[in-house]
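Q: Please take a close look at strand pairing here. What lies around the paired strands?

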Amino acid sequence: MLEYSTEAAAYDAFVARHSDGLPIVLPTPDRVAAMLAGTREDPDDVLGLVFPSGNAASIRDVAVNAVMAGAEPRQLRLITAILEALLDQRFNLNGVQSTTHCATPLVIVSGPLAFESGLSAGNGVLGNGQRGNLAVGRAVRLVLTNIGGGRPGETDMSVQGTPAKISFCVAERLDAGCWPSLAERQGGTAAETSITVMPADGPVTVSDHRSATPQRLLRNIADTMRHIGSLNAAIPSAAALLLSPQHARVIANAGWNVADIGRYLFEHARNPVWRLRDAGEWDPVKTPSFIARYGDPEDPEFRVPVLASPESLIVAITGGDSGGFSAVVTNWPAGAVLHRFVDDDGSYSLPRSARERVHA
Amino acid sequence: MTFVVHDPRGTRIDPAPSLAPRPGSLAGLRLGVLDNGKEQANVLLGRAVELLAGDGLTPVFARKPSFAHVAPPEAIEALAMCDIVITGLGG
């Protein structure tokens, strides 16, 4: 516990040192107790170590930051599930938090728990006015900052950051009627909810109200995905495609499924070797070694894929019905894209080594 | 009467890291060099080693395979045998 002479003194100290720069809700004992009603977990149980600080995050610690972010108790279970995915060492949170790149976790929630938790997938899903998305994403960010120590200019060496570092959490539309949901494609049932996390750049908008075929629309999306400034261009890895319902219907109405999208973009979101040499992050040693998995890096006309494989594309339908806009989210390739399902009982599993270290 | 709130920083497991005392002289010390794998880090560190070589130091080099990941255990073990370690960002 921290003690201050007055509430105003506490507020000033928290906004100065424990915030993302925006006003926060003070985590008083009453508010934290109310937040903890959102989970059946033992508040003292430890979720894991958050790097680069390596501080331990208990369920209570997460609840404290959730209060500060303006989240609701019904969102705590989702927040802890997202953090469990981020604390998986394959995600390389230590790298995501400390890189000079603008990397930040993109969180996609697919399944009914998203909406039971107050998340949204309609108009403006990636922007303002989405209280649930913003609060859940912000709670995650505050955990990464306060428990993980990822403060700009201290251990977070991101040169410019991105607005997505404040909050980057979306729900998937389950009513678009195009394909099975992301969670179902990951092996879940329609009743289950999955969390997908990817180390990400900020989103890039794709506008297209002209394309009536999947090929024409996906050529537009491919062009956005292969932009030279993204690390994807030099390092084939993962990307997320957040399709608006209108764009999804252009593709689905032609009989294409999500695997078809991945195959098409794997083949068409490419840059020739000469172009990669001409601009961007061409590393004379590393880049040819990445390219050699796909073709001859000495052939200037060889077209290098942005995606490591057709399956490396994450596709989710989200956004309103009012137009043809989608978003491409490229990747920080030094961390893995992961997904996990939110367990029915709200429990979680951790590598034993992490728990034993914490409780030693 | 005070106003009490929860600390949002979790629980520190390891003691807070601090810099080792600065050596008064480099004579006879073992020098470690951690190249983080970033572009041109070897250029910067190579020049630093050249300058330090005048003090008779023989460096132990360790390199991270990727600047985006933590140093592998064998690199840490090699550097742990040194008295002083220099590194740099590169880029």
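**Strand pairing and the sheet**

A: A:Tyr4 has B:Phe3 as its bridge partner in β1(B). Strands are DSSP runs of E with at least two residues, and helices are runs of H or I with at least four; both are numbered from the N terminus. The model is predicted: local features need pLDDT of at least 70, side-chain atom pairs count only at pLDDT 80 or more, and totals for chains, interfaces and linings use all residues. Residues count from 1 along each chain as its sequence is written, while chains are lettered from A and ligands numbered from 1 in the order in which they are written.

Strands pair if DSSP finds at least two bridges between them.

Now turn to chain A. Its open sheet has four strands, ordered β5-β4-β6-β13, with mixed pairing. β5 (169–171) and β13 (338–341) of chain A are the edges; each has a single partner strand, so one side of each lacks a neighbour in the sheet. The twist averages 20° from one strand to the next.

β13(A) pairs with β6 (residues 194–200) of chain A in the antiparallel sense, over four bridges. There, A:Ile195 has A:Arg340 as its bridge partner in β13(A).

Helices pack on this sheet too. Helix α4 (residues 76–87) of chain A touches β4 (104–110), β6 and β13 of chain A. Touching means C-beta atoms, placed from the backbone, within 7 Å. The direction of α4 makes about 50° with that of β6(A). Such angles run from 0 to 180 degrees between N-to-C directions, with axes fitted to C-alpha atoms, for helices over the stretch in contact. Helix α7 (residues 131–147) of chain A touches β4 and β5 of chain A. Its direction makes about 140° with that of β5(A).

Note on methods:
Two residues are in contact if their C-beta atoms, placed from the backbone, lie within 7 Å.
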